[in-house]
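Have the model open while you read.

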Amino acid sequence: MFDEFKTTIAAQLTVLTGASVEDIADAIGIPKTNAHGDLAINIPRLRVKGNPAQLAKDWAEAFKVDQVITSAVSIGPYINFRINRQVFTRKVLSAVYEKQDKFGWTNEGAGKRVIVEFSSPNIAKPFHAGHLRSTIIGNLIYNLYKANGWDAISMNYLGDWGKQYGLLAVGFERFGNEEALVADPIQHLFEVYVAISTAAKEDESLHDQARAYFKSMEDGDEVALALWRRFRELSIVKYKDTYARLNINFDVYSGESQVGEGMTRAMAMLEECGLIIESEGAKLLNLEKYKLGTPVVKKNDGTTLYITRDIGAAIERFEAYNFDKIVYVISSQQDMHMKQFLKTIDLIGLPYANRFQHVNYGMVNGMSTRNGTVIFLDDMLRESKDIMHEVMRKNEDKYAQVPDPEHVSSVLGVSAIIVQDMLAKRIKDYDFDWKRILSFEGNTGPYLQYTHARLCSIERKVQDQVRVNPDADVSLLTEKHAYEIVTLLAQYPDILASTLKSLEPCTIVHYMLELARTVSSAIEQMKVYNEPEDIAEARLLMYWSARAVLKNALTMIGLEPISRM
Ligand code: ARG
């Protein structure tokens, strides 16, 4: 959005400095505060010989101001420029008005396909904070790719295979209950798993039974597979329900169990490349040379492992989807596993190995209910919703006006969880803290929703007085708050681009918080209701645009924007 202004500046500076137009445009930035200028260039970045402060002074003096760039003043090694804010404001607000919900989106990915693999919980084990993070971050990545024109596929790779399913099946014979299974499969299978794991601590033979059962699954025993398939299907039904509360819908439910002959081919390739060593009947992958150890890829009973399945799946996925890129959103606890996996597909010479990317993230400590029990995602969402509902009830007047408090409190609960997760760089560990995340003020999801709802309420309140008019007289938006809002709106397309590049959720979330804070202070100063019509119209267009961008961003991070709370 600033491009036109940057180009105008660069056109003159290239003559004065001898630097290229591109280098100059790159060196121009938006200062943190606009006290001295709307745009500024850092002269040392041009690498022109001479004293930067002196050069800045000379060039600023030689710069001819016009209708677009209205002043040029040097401060130290910088030249600060003022732009024609009216032209700028009109341009930005028109662009938002025109694109609305798609403002900032591009077509850069047109014709390209990406698979984003995320969430991937393990059936019969808790859906823990690590899976929640993968879910939240993965969904944003998926939305970002889509907003950039990619053909994006969201994939859930369930942990639904391996010896632990043998153990689960053995456990179900002893502790299983058909009714409980149907009522809440995830809960019940977890209970069975806990019970049998405890029993197996006393009774080693249960582990042998589990191994034997899993072996029969891998050998294709129909009875064993039928039971397992039921567990899987019932769990998926339940997962879908829970994901729906997070506005997530997976295009594909795959899983470790679904990997097939890709593994056989992968094993053959590994043997051919001389990467396999044998030890006590098991097959190991020799990655010593790369300091990546010797992971087992086949046990001595012939059964496969987690990494074997990932390698096999890589081949099968490429053949099925012919993707240009594949992103695995998996905790940093599996960094070693992912390094081994990525190295291996490179070593066996898969020509598309460079299309794979691991996006990792740190741990969450202490995620539990208020009374301290470890929880499933479902409980987590319920708890968060209940707390939000309590907070909402405290303001009786407002509460009475919310048409569907159940739904709104649920969305606010989700907003709280998602935003707190995205506040810092994803690799950082953090401590989970209910108090910190649920406030309607500060850096929280509810605050973003609250700001969105306030903007909606401005529109509601004046609907009989003025309408959103793209041709409103924006020269009346002279306040500094107005320029701050417009500047932020102008940056949104760049924010989306840099979030897609770094895949760091905090980039977009910090932007949203800044926009919300700026809007909040503007609302105090710049009223719409009962103002003269032309002023009301100009301000309404500005607030409307801010709401459109906030809505756009909320949706991008996976939240349903709330219009009343
Ligand atoms: N189910 C695994 C876990 O919970 C995560 C799967 C990640 N994806 C993969 N392709 N390995 O630890």
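## α4 against α19

Let's start with a crossing: α4 passes α19 in a left-handed fashion, where left-handed says that the near helix is turned anticlockwise from the far one by less than a right angle, and right-handed that it is turned clockwise. Before going further, note that this is a predicted model, in which local features need pLDDT of at least 70, side-chain atom pairs count only at pLDDT 80 or more, and totals for chains, interfaces and linings use all residues. Numbering runs from 1 along each chain as its sequence is written.

Helix α4 covers residues 85-99 and helix α19 residues 480-502; their axes come within 10 Å and cross at roughly 50°. That makes α4 oblique to α19. (Angles under 35 degrees count as roughly parallel, over 145 as roughly antiparallel, 65 to 115 as roughly perpendicular and the rest as oblique. Axes are lines fitted to C-alpha atoms, for helices over the stretch in contact, and angles run from 0 to 180 degrees between N-to-C directions. Helices are DSSP runs of H or I with at least four residues, strands are E runs of at least two, and both are numbered from the N terminus.)

Who touches whom? On the α4 side you'll find R85, F88, T89, V92, L93 and V96, meeting Y483, V486, L489 and A490 of α19; contact is scored when C-beta atoms, placed from the backbone, lie within 7 Å. By class, this contact has eight nonpolar, one polar and one charged residues. (Ala, Val, Leu, Ile, Met, Phe, Trp, Tyr, Cys and Pro count as nonpolar, Asp, Glu, Lys and Arg as charged, and the others, Gly among them, as polar.)

Helix α12 (residues 306-321) packs on helix α13 (residues 335-347) at about 45°, with the axes 10 Å apart. α12 is therefore oblique to α13, and their crossing is right-handed. I307, D310, I311 and A314 in α12 meet H337, Q340, F341, T344 and I345 in α13, giving five nonpolar, three polar and one charged residues by class.

D310 turns up again around the ligand, along with E117, S120, N122, Y157, G159, Y328 and I330; a residue is near the ligand if its C-beta atom, placed from the backbone, lies within 6 Å of it. The shell has three nonpolar, three polar and two charged residues.

## α16 and α18

The axes of α16 (residues 405-421) and α18 (residues 445-461) are 7 Å apart, at an angle of about 125°, so the two are oblique to each other. L412, S415, A416, I418 and V419 in α16 meet G445, P446, L448 and Q449 in α18. That contact has six nonpolar, three polar and no charged residues.

## Annotated domains

An unreviewed UniProt entry lists residues 448-565 as "domain: DALR anticodon binding". This span is 69% helix and 0% strand, with its end C-alpha atoms 12 Å apart.

UniProt (unreviewed entry) also gives residues 3-83 as "domain: Arginyl tRNA synthetase N-terminal". Here the span is 41% helix and 23% strand, and the end C-alpha atoms lie 12 Å apart.

Notes
Contact = placed C-beta atoms within 7 Å. UniProt positions renumbered as here; feature names shortened; annotations may be inferred.
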